[in-house]
Each structure stands twice: as C-alpha cells, then as structure tokens.
Amino acid sequence: MTQENSSDMTQETENGGSDLFNTAAGWVLFAAGLGLGLSILADKYFHGYSAEMPENPGYAIEVVEEDGGGPAEMTMAEALNMMDQSELVAKGEKVFAKCQSCHTVDAGGANGVGPNLHGVMGKAFGANAGFNYSSALTGAGGTWGWDEMNDWLKNPKGYINGTSMSFAGLGKIEDRAAVSMYLNANGSGLAVPEFVAAVAEGEGEGEEGEVAEAEADQNAAAETEEAVAE
Ligand code: HEC
C-alpha cells in the first residue's frame, strides 16, 4: 500500500512536472511565434520604407542578380535615356566609387591595378599602351561601345573569359548605364543612342480610323459627282 502510494505520488509528480514543462514549452512557442510575426511585420515596414530611400544610398555593396526570373530589365538605350544626361553622369560618378580602388579616369591619370580609363569609350579593347593587359582582353578584339561596356560591366569574366579584372560586376542596368555615361563624359563623347518608347496600340488604330474616314469622304464625293452627271 505504502509502496503503491509512493509510486502514484511519483507518477503524479512526474505528470505535474510534464504539465509544467508543457506550459513552459507553450509559452516558448508563443514567444517564438510572436517574434516571427513581429519580424515579418518589421520586414514589411522596412521594405515599404526603403522604397522611399534615395536611389543610391552611399556605399551599398552590389550583389549580381541572377539571370532569368523577375521582370526583364530595360535595354541599355532606355537606361541611358531614363534621366537627364548630366544627372546620369552625376549618378555614374557615384557608381565609379566601386572602380576607384583600381582605376583613375582623369586625363593622364596613373594606371593602378587597372588601367587609366580616360577616353576609354570608343577605343579598342586594351588600348592604353602603358598598361599590361591580359592576353584575354587584348585578344578579344573589340571596341568599347555602349553595348560592349554594358556586357562587360555586368559580368567581366563572363564577357571576357580570362580577364584580369577581378570585379564581380554591376547587377543593375541603371548603374551600368550611369557609369558608362560617366566614362563617356571623361574624354570620349560617343553619341548616346536614342530610345523611342513603343507606340501605344490605341494610336495606331486611330490612324486606321482616319484612313477609313478619308476613303468614306472620297466615296461620298464620287457619288455626288455621279449624281451630278445624271
Ligand atoms: C579589383 C580591381 C578592379 C576593379 C574594382 C575594377 N576594375 Fe576595371 N579593370 C581592372 C583590370 C586589372 C583591368 C585589365 C583587365 C585585363 O587586362 O584583362 C580592367 C579593365 C577595365 C576596362 C577595359 C579598359 C581598356 O583599356 O580596355 C574597363 C572599361 C574597366 N576596367 C572598367 C571598370 C569599371 C567601370 C569598374 C567599376 C564599375 C571597374 N573597371 C572596376 C581592374 C579593376
């Protein structure tokens, strides 16, 4: 009897203990859930907020975006025309902060890890005589136009396999356009490609309508002439 009781007691104590444990675990779960909820809310809040942050908040570290997925990015021509040219040059100067550890851009500037880039737009690949380029770059044989610069800055090693430029690339077309425009403004002056927005569908239909109306007018005139002749 005594023994049974004592074993009951032990069980009760154990049960009591596990209830207490369950309650505690419940609170921990609840707290974790609350934390998660709050962090989701915070995420939403800060995302919403970051949309209003300046386009170029200082020294953001660029992550190269994966190809495919997400909305198609604009063309280089569109990106070059998205804002006033002088604004784009100013934006490009900021982007160039990422290049400055290796490049100068002023006339007669020193070569560093990378060549001086004064007047590079419109020049042949690897044309700076004082710089020891990789044979990959000089062997690629091309000229730095807008599209070449876009492809190069998006993924240097992807564009010229074996280049010695150790730079991951600029993920955003806006940044590539801006820094290309900045390079162009420093000793080059290539013409900026025009960007013509696609014509909205409604406008085309309007023109057809006008043609139809003009034809109708001619028919009416012809009928009138016939009527007069009779
Ligand atoms: C870590 C150093 C480094 C950084 C950062 C870097 N570059 Fe370079 N860059 C190089 C090197 C080295 C070369 C020469 C590549 C070769 O010979 O293959 C080069 C070559 C180039 C060339 C070709 C020059 C020519 O005369 O043909 C251009 C254009 C260029 N870089 C632009 C940029 C721009 C714009 C940035 C910033 C967005 C940048 N680079 C960032 C090291 C760098």
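This is a predicted model: local features need pLDDT of at least 70, side-chain atom pairs count only at pLDDT 80 or more; totals for chains, interfaces and linings use all residues.

User: Ok, how many helices and strands does the chain have?

Analyst: There are 8 helices and 0 strands. Read from the N terminus, the order is α-α-α-α-α-α-α-α.

User: And what share of the residues is buried?

Analyst: Of the chain's 230 residues, 18% count as buried.

User: How about contacts, what fraction joins residues at least 24 apart?

Analyst: That's 60%, counted among contacts between residues at least 6 apart in sequence.

User: Switching to the ligand: which residues are closest?

Analyst: Cys99, Cys102, Gly114, Tyr133 and Ser134 are the closest. The ligand is surrounded by 26 residues in total.

User: What's the makeup of that shell, by class?

Analyst: It splits into 16 nonpolar, 9 polar and 1 charged.

User: Now the helices. At what angle do H5 and H7 cross?

Analyst: Roughly 125°, with the axes of H5 (residues 146-154) and H7 (residues 173-185) coming within 10 Å. Angles from 65 to 115 degrees would be roughly perpendicular and those over 145 roughly antiparallel, so H5 and H7 are oblique to each other.

User: Left-handed or right-handed?

Analyst: H5 passes H7 in a right-handed crossing.

User: Which residues make the contact?

Analyst: H5 contributes Trp146, Met149, Asn150, Leu153 and Lys154, while Arg176, Val179 and Ser180 come from H7. By class, the contact has 4 nonpolar, 2 polar and 2 charged residues.

Technical notes:
Residues are numbered from 1 along each chain as its sequence is written. A residue is near a molecule or strand if its C-beta atom, placed from the backbone, lies within 6 Å of it. Ala, Val, Leu, Ile, Met, Phe, Trp, Tyr, Cys and Pro count as nonpolar, Asp, Glu, Lys and Arg as charged, and the others, Gly among them, as polar. Axes are lines fitted to C-alpha atoms, for helices over the stretch in contact, and angles run from 0 to 180 degrees between N-to-C directions. Helices (H or I, at least four residues) and strands (E, at least two) are DSSP runs, numbered from the N terminus. Angles under 35 degrees count as roughly parallel, over 145 as roughly antiparallel, 65 to 115 as roughly perpendicular and the rest as oblique. A crossing is left-handed if the near helix is turned anticlockwise from the far one by less than a right angle, and right-handed if clockwise. Two residues are in contact if their C-beta atoms, placed from the backbone, lie within 7 Å. A residue is buried if 20 or more other C-beta atoms lie within 10 Å of its own, exposed if 12 or fewer, and partly exposed in between; C-beta atoms are placed from the backbone.
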